[in-house]
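Student: Could you show me how to read a protein model, one feature after another?
Tutor: Gladly; let us look at it together.

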Amino acid sequence: MRPLILSVSNRKGGTGKTTTAVNLAAEWAGRGLRTLLVDLDSQGHAGLGVGVVPTRNQPTVHRIFQDSEFSLTQSICPTVVEHLSLAPADQNFEHSSSSTDLLLLRRQLERPEIRERFDLVVLDTPPSLDFLLMNALSAAHGVLIPLVPHHLAGEGVKQLARLFFKIASTANSNLKLFGLLPVMVDLHINLHRAVISETSRQFGATRLLRGIRIDIRLAEAFAVQRPIRMFSPKTRGAMDYQLLASELLALWGWE
């Protein structure tokens, strides 16, 4: 059975993609689900969030885009979270050097050694429009779009939505939009309420998820290289990602 694959994506940077990918993956792993976090963003921050700092010669996920003989499984390593594994990023990866094969990542994730080993795969994607992001969307069952409630939020969502529909109508007809996720939310701020309301109007209330409240502990967790459920499990950030994890599993029909 192929693991369920979620791409956490937005064309705009600074929208909480990595924070969401790390904490969702850790939350699912904490429930005993065998989870693989794939760090496609060459900044490599997802690895830091789960206690992994790749060594200079450590295999990374980006090598699959440069070496046709390389297997994704060769890059997978354990993390500080039980049941959570990581395919780390290459921080020196040159995006222009990657393959133009849109289905390369999908074929890697369909290999028996991945299907038998994992229940869930979370893809942390780069904000740039390149073949890494397109590979992620071509491999995924669903897309989660984090957004910060500022006036520019809608533009990043619109750009990603256009790419979503392009991929869904060509390379991946099974791709679903799981929802838009407001992050760093404070409903006491008029701007946040206004942007969330406008996003709901533009894209539909049913596509808007409950959101992640602003919580400095989420940033502090990265500083100590731990997901929020390990670093500060009783904070609102931890609670919000716990609720989001349950919500997405329900959308998938797992709960």
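Student: At the start of H8, which residue has a side-chain oxygen that reaches to the backbone nitrogen of Arg-217?

Tutor: Before I answer, a word on the source: this is a predicted model, in which local features need pLDDT of at least 70, side-chain atom pairs count only at pLDDT 80 or more, and totals for chains, interfaces and linings use all residues. Residues are numbered from 1 along each chain as its sequence is written, and side-chain values use heavy atoms, with hydrogens and water left out. Now the answer: Asp-215 places a side-chain oxygen within 3.0 Å of that backbone nitrogen of Arg-217, at the start of H8. Helices (H or I, at least four residues) and strands (E, at least two) are DSSP runs, numbered from the N terminus.

Student: What follows H8?

Tutor: Gln-225 does, and its phi is positive, near 60°.

Student: How do I read a salt bridge, and with which residue does Arg-217 form one?

Tutor: Side chains of opposite charge can pair when their charged atoms come close. The cut-off for a salt bridge is a side-chain nitrogen of Lys or Arg within 4 Å of a carboxyl oxygen of Asp or Glu. Here Arg-217 pairs with Glu-220, and their closest N and O atoms are 2.8 Å apart.

Student: Where do Arg-217 and Glu-220 lie?

Tutor: An α-helix has 3.6 residues a turn, so residues three or four places apart point the same way. Both Arg-217 and Glu-220 belong to helix H8 (residues 216–223) and are three residues apart, about one turn of the helix.

Student: Is Glu-27 buried or exposed?

Tutor: We compare relative accessible area: buried means under 20%, exposed over 50%, and partly exposed in between (1.4 Å probe, protein chains only). Glu-27 has 7% relative accessibility, so Glu-27 counts as buried. Arg-31, at 30%, counts as partly exposed.

Student: In what order do the strands form the sheet?

Tutor: Two strands pair if DSSP finds at least two bridges between them. The seven strands make an open sheet, ordered E3-E4-E2-E5-E1-E6-E7, with mixed pairing. Strand E3 (77–78) and strand E7 (176–182) stand at the edges with a single partner strand each, so one side of each has no neighbour in the sheet. Further in, strand E2 (residues 35–39) and strand E5 (residues 120–124) pair in the parallel sense over five bridges, and Asp-39 stands opposite Asp-124 in E5.

Student: Which residues does Leu-244 touch?

Tutor: Contact means heavy atoms within 4.5 Å. Not counting residues up to four places away in sequence, Leu-244 touches Thr-20, Leu-24, Leu-144, Leu-181, Leu-209 and Ile-212. Leu-244 is found in helix H10 (residues 236–252) and counts as buried, at 0% relative accessibility. The C-alpha atoms of Leu-244 and Leu-209 are separated by 8.0 Å, although the two residues are 35 residues apart along the chain.

Student: How many helices and strands are there in the protein?

Tutor: There are 10 helices and seven strands. Of the 255 residues, 53% count as buried. Among contacts between residues at least 6 apart in sequence, 79% join residues at least 24 apart.

Conventions: A polar contact is a pair of N or O atoms within 3.5 Å; within protein, one must be able to donate a hydrogen and the other to accept it, and residues adjacent in sequence count only if both atoms are side-chain atoms.
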